[in-house]
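Visitor: I would like a close look at a single part of this model, the place where the two chains meet. Please keep the account plain.

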Amino acid sequence: MAGIYIHVPFCKSKCTYCDFASFPKEINKTESYFACLYRETEGRAKQLKDKVFDTIYIGGGTPSVVDSKFIVGAIRQVKKHFNLTDNPEITIEINPGTLTEEKVKDCKSVGINRFSIGLQTGYDDQLKRLNRIHTAKEFLLCCNMLKGENISADVLIGLHDQTLEQVKKTIDLALAGGVKHISVYALTPEVGTPIYTDYLNGELLSDDEVADIYDGVVEYLKEKGINRYEVSNFSCDGYRSKHNQTYWKRGEYIGLGISASSFIDGRRFTNTYHLDEYINAVIVNRFPEISSEIIEGDDAEFEKIMLALRTTDGLDVIAFNKEFNVDFSVKYKKPLAKKSAFLDFDGKTLKIKSEYLYVQNDIIMAFMEI
Amino acid sequence: MSTNQKNIRNFCIVAHIDHGKSTLADRLMEKTGQVSERDMEEQLLDSMDLERERGITIKLTPVRMYYKAKDGNEYVFNLIDTPGHVDFTYEVSRSLKACEGAILIVDATQGVQAQTLANAYLAIDNDLEIMPVINKMDLASARPDGAAEELENILGVDASDAPRISAKSGLNVEDVLEQVVQKVPAPTGNPDAPLKALIFDSYYDNFKGVICFVRIVDGKVKVGTKIKTFMSDKEFVVTETGVFAPKMLPTDELSAGEVGYIAASIKSIEDTAVGDTITEVENPTPKALPGYKKALPMVFSGVFPLDGSKFNDLKDALLKLKLNDAALSIEPDNSAALGFGFRCGFLGLLHMDVIQERIEREFDLDIITTAPSVSYKVYKTDGTQMVVENPTHLPPVTEIAYMEEPVINASIFTPPEYVGPIMELCQFKRGVYKDMTYLDKTRVQMKYTLPLNEIIYDFFDSLKSRTKGYASFDYDIAGYEKSDLVKLDMLLNGDICDALSIIVHKDKAYERGRQIAEKLKEVIPRQMFEIPIQAAVGGKIIARETVKAFRKDVLAKCYGGDVTRKKKLLEKQKEGKKKMRSIGSVEIPSEAFISILKTDNGN
């Protein structure tokens, strides 16, 4: 199975940590952007006639900020041109303060059945410092509009002076809103973002402090029946994100819209990050790719390992051997031995021991050298 | 046609580092029209990049100039540039042997410094005529009278008519040229006697074979002359003779008194050792020239390829450097931590630095160097004696009766206000006070004996920082003294890391062990598990630090667009790891081995 990602690059304002393709000032270009997106959708679908897709994910930016006719249009266009399974998982990202009853109705009308809300933190002062436009209360209002739906919430850890207690309270808030799935991301200060300055000035939490919070969160969520299934993702039974699991299984996906990445037939390619470049390319019926690489051999194997080891399910070694026509235990004998203290390996499944999931780079790196 | 000997002047320039030696050489060449101002590259004689960058001269370089003097005669000047640093005293003495006179430059702002003295004494020992020159007159802080007074008081050199120049601006440089004619004696060799030529340097040319830099003392040599040296039985036929103008320029012959080069299709550099005497096969001179004292390496350090597979490249690099640098000693070495490499001997710390940098630059090799050591004499309980240059070769304590370490005579020049701090430093470095002389109101000369192994750490840096850079320092080896020395081992995760072992004085073991452990804690990155760092003497742990395990080493998000980025990030992390060495299960960065040097906070 395969996934479809649709990028909506518009926001009300830019968060201090954001380095995604989102342009608060260009919201007037929504009309032309979606016109191009529909065209790109049709063009890509023609190339992918033999593929069946079972998930759609509308991310951003803030997809909920634009008029819902565009979202409806995008889903209809996808449904019209792509081969989809009967009941695809369709997720949309939402920011509190941008949702209306009307929008919810429209979303549901085209089959959107999963709502991922950017909560980040339940503390208004922290939200303000991140230049988020909403309050904790607006999160709950948002949840009320989505009552009975499959809701996920994003939570950030590692904020200025943040404590584990605060993160637990944030989780409580999310649970009160009825979420079944939580993503907990450590704030990553990227060069060029305003928060990077805070990072340089040592105003953010240290790695050790973040790790303490993370460990506390893993435990707290477990108590609530919400289990980790990937480094940053936690869910109640049956509520994992199907779309995101495709990434970690190294499944195929097509990305539509600016900055979107695709992985099809062993080729990974990415669209331009610039709005005008995107529009100009699609208008003349060109795909707006700016990079493309074919991944094969050991590189492909490494990707498979790297992605699978992020999950608690780990790597299905039997499937790996079949896919790549190798004997994993033999080929990766060296890294397996070198990192054995941190791994669970029974010959069929390879997992990183749960206490080492948060220090996995060093372990994964060993699999680069065979 | 060779020049008449009475019109030849062979001289060198000696000075304390940075007093303007190379600049004056450049100016002399420019004034004699040897190079046009347009072609003038700063410090022409310092041809190595490293020399120019650091503003030091490492190799000696001869150059010939023509000067029309006020007496109406044209003179041939052979200038042999010399290194200024204490480590290269050996090279200085080589060039001195080819000269009759030495220009002694003193910086008018700094006066006589430690190496002014050392180099002047060398020149005097070699019976050279000393010709003082006071430089840097363009600087506002110049005090030429003081400098002249110091020359007379400290060195007993008559500086009353010393040219007061600015090599930088060219001021009064003509006076220097005139004085060379008047003061430096002409050579007095016999052109009709059997050939006697001193090899003062050599290098290997891919087309011509070994090129010998020579001073013809007696006789003549030309193309076709059959020659031999005293130290080798082999005979060669001269294929080219020439002079340095400053590039090599062939001449018909070289005759007594001249400085130039000889090529004779010599395949091996060993056949023409520097310091050896060349003579004719048919009509040999009966006695060789005195030659040179062999320079003994005093500082030793392990040199290993960062990438273990580059061992042979490192070997080639070292052998090539050794061709031109007799003072460098190399011996294969094997470390449990660092694999195969070499134990190299150097004249001093600067020499070590220079060689290490040349390996990395000229041969594009990344290397790991271990903390420098000196050579210790170990007297064993069974009555035998051994020399230990590598701490890992030290026999077990039970087999050692006693040990001796090399000590130096240090001479430090300083303004009087820093006497206190310097005494403190010398005391801290186990120095023994010998003497102190007030040379004038602004200058004190202090004499200490100090163990060499205290100097090779950060003595220079400490001296500089304690005296705001005003003190200068020079030393010579005084011999060996009995000393209470122990081997200090560093354990990482319980295993001794041989490349980190050092030999220290017993009283300093505890402190240094603690400092090194602290330093290692700083430089060893956190890893998957906790790493204890221990310092031990004879199996007893004397200090301990811990590198905590890291807790977070993960990319928070990894979705569709992040895969390539994440892979690149891991590859970068992996590249970083390549610069690490695995000691058991612990990975240590290569700079850790040298960083233990920087722990001695004698400041």
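How many residues does the contact take from chain A and how many from chain B?

Guide: The contact takes 32 residues from chain A and 19 residues from chain B. The complex is a predicted model, and the predictor gives it an ipTM of 0.89 and a pTM of 0.71.

H15(A) gives the largest share, five residues. By residue class, the side of chain A that touches chain B divides into 17 nonpolar, nine polar and six charged residues.

These elements belong to a chain with 15 helices and 15 strands. Chain A has a radius of gyration of 21 Å, close to the 21 Å that the globule rule gives for 370 residues, so it is as compact as a globular protein of that length. The C-alpha trace of chain A spans about 55 × 50 × 40 Å along its principal axes.

Where pLDDT is low, the predicted coordinates should not be read in detail. Chain B is divided into domain 1 (5–183), domain 2 (196–280), domain 3 (299–369), domain 4 (377–483) and domain 5 (486–599).

There is also a contact inside chain B: 12 residues of domain 1 of chain B are in contact with 10 residues of domain 4 of chain B. On the domain 1 side, the elements that give two or more residues are helix H4 (114–125) and helix H5 (144–155) of chain B. The residues of that side divide into five nonpolar, five polar and two charged.

Chain B also holds an open sheet of four strands, in the order S17-S18-S16-S19, with antiparallel pairing. Its edge strands are S17 (329–335) and S19 (367–369) of chain B, each of which pairs on one side only. From one strand to the next, the twist averages 30°. Strand S16 (residues 299–305) of chain B runs antiparallel to S19(B), and three bridges join the two. Phe304(B) has Ile368(B), in S19(B), as its bridge partner.

Methods. Residues numbered from 1 in each chain as written. Chains lettered and ligands numbered in written order. Predicted model: local features only at pLDDT ≥ 70, side-chain atom pairs only at ≥ 80, totals over all residues. Domains from an automatic or database assignment. Contact = placed C-beta atoms within 7 Å. Nonpolar A, V, L, I, M, F, W, Y, C, P; charged D, E, K, R; others polar. Pairing = 2+ DSSP bridges. Axes fitted to C-alpha atoms, helices over the stretch in contact; angles between N-to-C directions. Rg over C-alpha atoms; globule rule 2.2 N^0.38 Å.
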